[in-house]
Amino acid sequence: MSQNLPAAGAPAACRILLELNGERRELEVQPWTTLLDLLRDQLGLSGTKKGCDHGQCGACTVLVDGRRINSCLSLAVMQDGAKVTTVEGLAGADGLHPMQAAFVRHDAFQCGYCTPGQICSAVGLANENRAHTRDELREQMSGNLCRCGAYPNILAAIEDALPTLRGQGGDA
Amino acid sequence: MNTLAAPVGQPLARVDGPLKVTGQARYAAEFGAPGLLHGVVVCSRIARGQVLRIDAREAEALDGVVLVLTHENRPPVASYDKPYQDDDAADGSPFRPLFNDRVLYSGQPLALVVAETRELARHAASLVRIEYRQEPHQTDLLAVREQAHEAPEPPPAPRGDFAGAFAAAPVRVECEYQTPVEHHNPMETHASTVFYQADGGLLVHDKTQGVQNCQRYLEQVFGLQGRIRVLAPFVGGAFGSGLRPQYQLPLAVMAALKLQRSVRVELSRQQMFTFGYRPRSLQRLRLGADRDGRLQALAHQALGQTSRFEDFTEHEVDWSGMLYACDNVQLGYRLAALDVYTPLDMRAPGAAIGVFALECAMDELAYAASVDPLELRLRNYSEVNGNQGKRYSSKELRACYVQGAERFGWAQRPQAPRSLREGNQLIGMGMATGVWEALQMPASARACIDADGRLQVSSATADIGTGTYTAMTQIAAAALGLPMEAVEFRLGDSNLPQAPLEGGSATVSSVGSAVHQACLALRQKLLDAAQQSPASPFTGASLDDVAFANGSMRLKRPPYTALALERIVGVSGALEAEVRVEPGEQRKNWATATHSAVFVEVRVDEELGTVKVSRVVSAVAAGRVVNPQTAGNQIVGGVVWGIGQALHEETLIDHRLGRYMNHNLAEYHLPVQADIPSIEAIFVEEHDSVVNALGSKGVGEIGIVGVAAAVANAVYHATGKRVRELPITLDKLL
């Protein structure tokens, strides 16, 4: 693969270390590869979605050290040493993450394409502990577009799961 | 017969929910293979002209770039129109990607750069130089309104004497409305992954609403009959964008055939603006009424845009001839050709914009006649579709008005505009009616119960988020009295029994009917099988004598024997039934439609002109609802679309360049979470024994229809200002 064969004069691939979904991973990445492309193309973790590649839709939201970020706006090399959680890393051995379960219960999606980003974003929001009113939740979830328009159900799912998550105080 | 028992009608969680919330649901660009190549499309920078030269030397020189495909080196393709005419083709000559050197619109695909990685392909695509001979173009509908022609599919014929009745009417309204180009923008961009098989056949993962439509298209265009299989188990939204094969599909296939390797082509978000869209429209409404607001005359003329190669038509003005009682009606629909791509069906095509204009005009009439807008609609209520002269098979629109109004608190609304405010917030309430066809298309389904008693039902339909997997599982489980867990529904595979395009709110009606009938046919086979055993208590029993419930077949008469289906197939082995269901003959005597009443409250900042929708109630009559939870989600989604149409969405074109300016998700404004208030969807009870055996009409479109008008009417009520051009942005209110 030419991934390992940069054109003459191009910078060499970099080695980075990630704690990815609880697993220590030593990875070789090109300096131009985004975290999103690393996940989707190189590691086959296609749960993280690409909707715009420009940080405009939120479908690629993942958690980095518990904070939600648009993985399309971060180069993979910038996350060397970080703890990255994707939608694939949320469910535990005992079943779905409370936010995932709430999304199913409230039918908080239709096509499912924005869903991983919505869920990661909602878990990140729980960690931030900033949004308390319904309008604050709406505002702080507005970086995640849902073209199907499942917003009211997404909001209901988040409101349902938040008390449980804040009780846990974990960073997923 | 107890064929529509639970779980039909229950608000069950989606059967595909766990896959979607864990990231395991895989979409068209998420299937891989060792050595998979990646293609990136190079699009035209001019709107009309000719490609003189494509210089790909710099791109081809890069290590890892495998191919730069253009009209000069592509594999052979069909040249006549017919092979390109898919199931949703418009009249005319379909676009043929990489066919020749002609440039028909800005954004047209002119080359595909194929490389070992997507990043490399993208970089290489930026190095492809194209020389053009540019020709003058026209992309502005307003500039060509005098050069329009009749649409090939004309609207219903005039009835009565519009001109005479309009001239004589004591109350008259005459207005012009404009709606902009809108793009579908599903969250998943269009993509095709083509696996080149050892035998030269192709296994294709495509983002589509019709796997068999794409299969036929590829077979015809490339002469590959019987060698194409198309899969689409999950589709990340479409709203009509997947009704026709989009150009990434033939491009990926061209590359795969030329290289004899597997190739994926994913479009960028920007490229999602380089094919079909909702066309811009100009509409003129003339309503004449008596002093009580009863319609005496109605004329609705629409002008829509189309491309120079196809005439795209939709039902835009037809609704005005069927929604209300009126004896003197004149409908007109013309098209003007521009140097643009052909428009494409987009959620509630035609109705979303045509009913917007009609329902705004009705609001204007309500004020002209000094009648409450809801009362005006009741005075003009019709039990008959005036276009067809047929009664509706069912029409519980009156119940929608009553229940919606009560839930919303419409009775408290003062009629005068600008009569409600809170500080600098002007508050307004508006309403509108919605209508959509209740279609049924021929469809097939197969039901197979295996020796373990598990039921597998299948049809080549799609689930674009509409809940097809879940609804079909419910219908099948109900028909055979099995728990949901014992039933699996498969879709999105062109090898499965025939299904129509997943669109037009017709999937439950069409495919659901086929699933239902296939399961009923399987009942007969189960009964036959049970009767094979000697001294069977079922000997001599007909289907009317047995019930299917709790996983068993039970005699409804003494000795009331119940036999688990598992035990029947344990002896007989797997049983299978496949049926094809055509729309019933009885439909021909009736008009069939879904209806809604939408009530909207807005808050308009008096100083800033910002509009915020603060409350919506949508009451819908759609026959039997298979799953109130997923169907309710469809209605709410439709309302969100209507809010976007009313306040946000508009694809802006720079007519000097003939190209879109806001082709991204930051500048093409979609509603976000903060834009959406509480939305209440109500399904009124509606019984229909005509539409299909399920009595179910479908809900994918009806949610959006009328919403933009209700918002616009609420804005008028808040501010006293009529905005007749969508979207209603703050500059139009200040």
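This is a predicted model: local features need pLDDT of at least 70, side-chain atom pairs count only at pLDDT 80 or more; totals for chains, interfaces and linings use all residues.
Buried stands for under 20% relative accessible area, exposed for over 50%, and partly exposed for what falls in between (1.4 Å probe, protein chains only). Helices (H or I, at least four residues) and strands (E, at least two) are DSSP runs, numbered from the N terminus.

Residues are numbered from 1 along each chain as its sequence is written, chains are lettered from A and ligands numbered from 1 in the order in which they are written, and side-chain values use heavy atoms, with hydrogens and water left out.

Contact means heavy atoms within 4.5 Å.

Chain A holds 5 helices and 5 strands, and along the sequence they follow the pattern β-β-α-β-β-β-α-α-α-α. With a radius of gyration of 17 Å, close to the 16 Å that the globule rule gives for 172 residues, chain A is as compact as a globular protein of that length. That radius is taken over C-alpha atoms, and the rule is 2.2 Å times the number of residues to the power 0.38. The C-alpha trace of chain A spans about 55 × 30 × 25 Å along its principal axes. Of the 172 residues in chain A, 57% are buried. Among contacts in chain A with a separation of 6 or more, 57% are between residues 24 or more positions apart.

A few backbone spots stand out for a closer look. A:D107 is not a glycine, yet its phi is positive, about 50°. This residue sits in the loop between α2 (98-105) and α3 (115-128) of chain A, and A:D107 is buried, at 0% relative accessible area. B:A535, also a residue other than glycine, has a positive phi near 55°. B:A535 belongs to the loop between α11 and β25 of chain B and, at 79% relative accessibility, counts as exposed.

B:G540 lies in the loop between α11 and β25 (546-549) of chain B. B:G540 is exposed, with a relative accessible area of 65%. Beyond its neighbours within four places in sequence, B:G540 is in contact with B:Q531, B:D545 and B:R557. The C-alpha atoms of B:G540 and B:D528 are separated by 10.0 Å, the two residues being 12 residues apart along the chain.

Chain B also has cis peptide bonds. One joins B:P558 and B:P559, with omega about 10°; B:P559 lies in the loop between β26 (552-555) and β27 (562-564). Another runs from B:L726 to B:P727, with omega near -5°, and B:P727 is in the segment after α14 (707-719).
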